Amino acid sequence: MNAIEVKALSKSYGDIHAVDGIDLSIAEGEIFALLGPNGAGKTTTVEILEGFRTRDSGDVSVLGFDPRLGGQEARQWRNRIGIVLQSTSDSGDLSVIETIAHFSGYYSNPRDVNEVINSVGLDDKSNSLIRKLSGGQRRRLDVALGIIGNPELLFLDEPTTGFDPEARRNFWALIKKLRGNGTTIVLTTHYLDEAEALADRVGVINNGRIMEIATPAELGGRSTSKALVTWRDGHEIKSQATDNPTALVGQLTSTFNGEIPELTVTRLSLEDIYLKMIGVHHE
Amino acid sequence: MNKIPSALSLGIRRGGLEIRQFARQRESVIFTLLFPVMLLAIFGSVFKDTIAPGVTFSQYFVAGMIASGLVNTGFQGLAITIPLERDFGALKRLRGTPMPASSYFIGKAILVSVSMVIQILMLFGFGVIFFGVHMPTSGSKWLTFAWLVLLGSACSTALGIAFSIVPKSGRGASAVVSPIVIILQFFSGVFFIFTQLPSWMQQVAAIFPLKWLTQGMRSVFLPDSFATQEVAKSWENGRTFIVLMMWLAIGIYFSVRKFKWDRD
C-alpha cells in the first residue's frame, strides 16, 4: 500500500486555482521531494495532506486516512505522522529538553527524548532556553519535535533553511537514517542539491499542476541529455556538447598527447533542469 | 502499541507547562499578580470614606477587584496571548500533533485558576493587613465565594479562548481587548459604586458577566444589610449563576467551533 495516494486534487482561492488536479502516489519508505516556485501550489498541497487545509475536490489518502476527517480517528492518525512546519518560534521560555519531553507525552510510542536530542545535535543545548538558541538550532529543535513521536510518515517543509553547510550535511544523514528505519518522508525544499542528495523521486509542481515526477537523475530527460566537455586550448576555454563524451575525451587525449588542460565533463544539474521546467531562463 | 494519552491527562500536563512558562515571564507575573494589589492600594488610599455603616470603600473595592481579576486573568490574558501563540506558529504545531483541542483548553483553564488563587490570596493578605478588609464570616458566604471563583474562572477562560479569534494579529490583540475590559470595569461597578452609575450604564453592564460577578462578590464581602442598596434590593445570586452559565456556554461553543489554530 502507498503511504500517500492523491487523485485529481483541486483547491481554489477565489479565482486562483492553487491546486489544479494533482495526482500523486508516494510509496511507503520513500523520500519524496516536492519542488516548485513560491505560489506554485506546493504548500497548499502539503497542507491538505497534513490536514491543515480543506480541499475542493479529489481523493486524498494519507496512511489510509482521509486528512479532512476529525475526531478520535484523527488523533490516532496524527499519532502516526510527524510535521515540521516552516517557521515556528514559540515557547521561548522553556528549555530544549523540557519542550521535547513534553511533546513526547502526546504520542503513544515516542522515541527516547535524549536520543532525539542527540540525533539533531543539540546535546550541549539540552538545558538552554529556546529563546537563547540560534536560528539553525531552533530549526533542529523543530525537526526534533517532528520526529519525537516516532512517525511512520514525516512531512518536512524547507527543513534546512538557515543551516550552515555542516549542519545541513548532518541533517541529511539524520533523514537518511530515518528512511533506513522505514519512515516515509515528504520534503519540500528550495535547495536542489538537497533534493538530489535525499530524494528517491522528485515531483515538480507549477501553476497548481504536477509537471513531472521522476528520480533526480532522470528528471527532465537529464540522464539522456548531452554532456558538456570543456577544456583549455592555449589561452582559450573551449566547450562542446556531445552524446559521446568518452569518445571526445579520447580524441582530446591524443590531441594533447596526454593530460587535457582543465578538463571537465558535466551534465545538466538538477537545478538547470528544474529552472528550465518552470520556465526560468538564465545564464 | 500503547494507547494515546487521554485528553484530560494531556490537559493536566499542559496546565503544568503553561504555569512553568508563565512563571518564567517575570514582567507578566508581576503585572498580573501585583496589579490588583496596587489598585487596591491606590483606591483604598484615595477613598477613605465609609459607604454604608461599617462598610468601607476598600471592602466594596475588594469584591470588585476579585471579580475583575477573574476577567483580567482569563478573558483579557487569553484573548491577548493566544493570538501571539498563533502568530508564532505554536498553535499550528500543536494542531499537527495528536494532542486534542480540549487538552489545550484545559491547560489554559488550569493556568487561569492557579493564577487566580494566588491573586486572591495576595489581595486578602494585603487588604486585611493594610486596609482593614474583613473576610467573609459564615460558611455559606465562603461557599458562594467558591462557586463564584470556580464558575467565574471557567466562564472567563472560555470567553478568552473564544475571543482570541477576533484580533487579527498578536500585536494588535491588546489594543482590541484591553479597552473592552476597562470599559466593562467602569460600567460594572468595579471602580465606582454601581448604584451611583447612570442607569443606561447599569443596563449595558447587566448584559455582561463582570457586573454579575462583581455583585456576587459583594454578597460575599459586604454585610447582608447592604443588599437592600443594590439595584434589585437583593444580591440576586441565582440570577448571577444563570447569567454566568449562559456566558460559559457561549464561550465554550465558540471555542470549540471557531477556534483558529493558524493565521490564515
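Biologist: How many bridges join strand β10 of chain A to β12(A)?

Modeller: In this predicted model, strand β10(A), residues 227-233, is joined to β12(A) by three bridges. The two strands run antiparallel.

Biologist: Which residue is the bridge partner of Leu228(A) in β12(A)?

Modeller: Leu228(A) has Thr266(A) as its bridge partner there.

Biologist: And what is the strand order of the sheet?

Modeller: The order is β11-β10-β12 in chain A. This is an open sheet of three strands, and the pairing is antiparallel.

Biologist: Which are the edge strands?

Modeller: They are β11 (236-242) and β12 (264-266) of chain A, each of which pairs on one side only.

Biologist: What does the twist average from one strand to the next?

Modeller: The twist averages 20°.

Biologist: Which helix packs on the sheet?

Modeller: Helix α8 of chain A, residues 245-256, packs on the sheet and touches β10, β11 and β12 of chain A. The direction of α8(A) makes about 15° with that of β10(A).

Biologist: Turning to the other chain, how many residues of chain A are in contact with chain B?

Modeller: On chain A there are 22 residues in contact with 25 residues of chain B.

Biologist: Which elements of chain A give two or more residues to that side?

Modeller: Those elements are α2 (71-78) and α3 (96-104) of chain A.

Biologist: Which gives the most?

Modeller: With three residues, α2(A) gives the most to the side of chain A that touches chain B.

Biologist: What is that side made of by class?

Modeller: The side of chain A that touches chain B has ten polar, seven nonpolar and five charged residues.

Methods: Residues are numbered from 1 along each chain as its sequence is written. Chains are lettered from A and ligands numbered from 1 in the order in which they are written. This is a predicted model: local features need pLDDT of at least 70, side-chain atom pairs count only at pLDDT 80 or more; totals for chains, interfaces and linings use all residues. Two strands pair if DSSP finds at least two bridges between them. Helices (H or I, at least four residues) and strands (E, at least two) are DSSP runs, numbered from the N terminus. Axes are lines fitted to C-alpha atoms, for helices over the stretch in contact, and angles run from 0 to 180 degrees between N-to-C directions. Two residues are in contact if their C-beta atoms, placed from the backbone, lie within 7 Å. Ala, Val, Leu, Ile, Met, Phe, Trp, Tyr, Cys and Pro count as nonpolar, Asp, Glu, Lys and Arg as charged, and the others, Gly among them, as polar.
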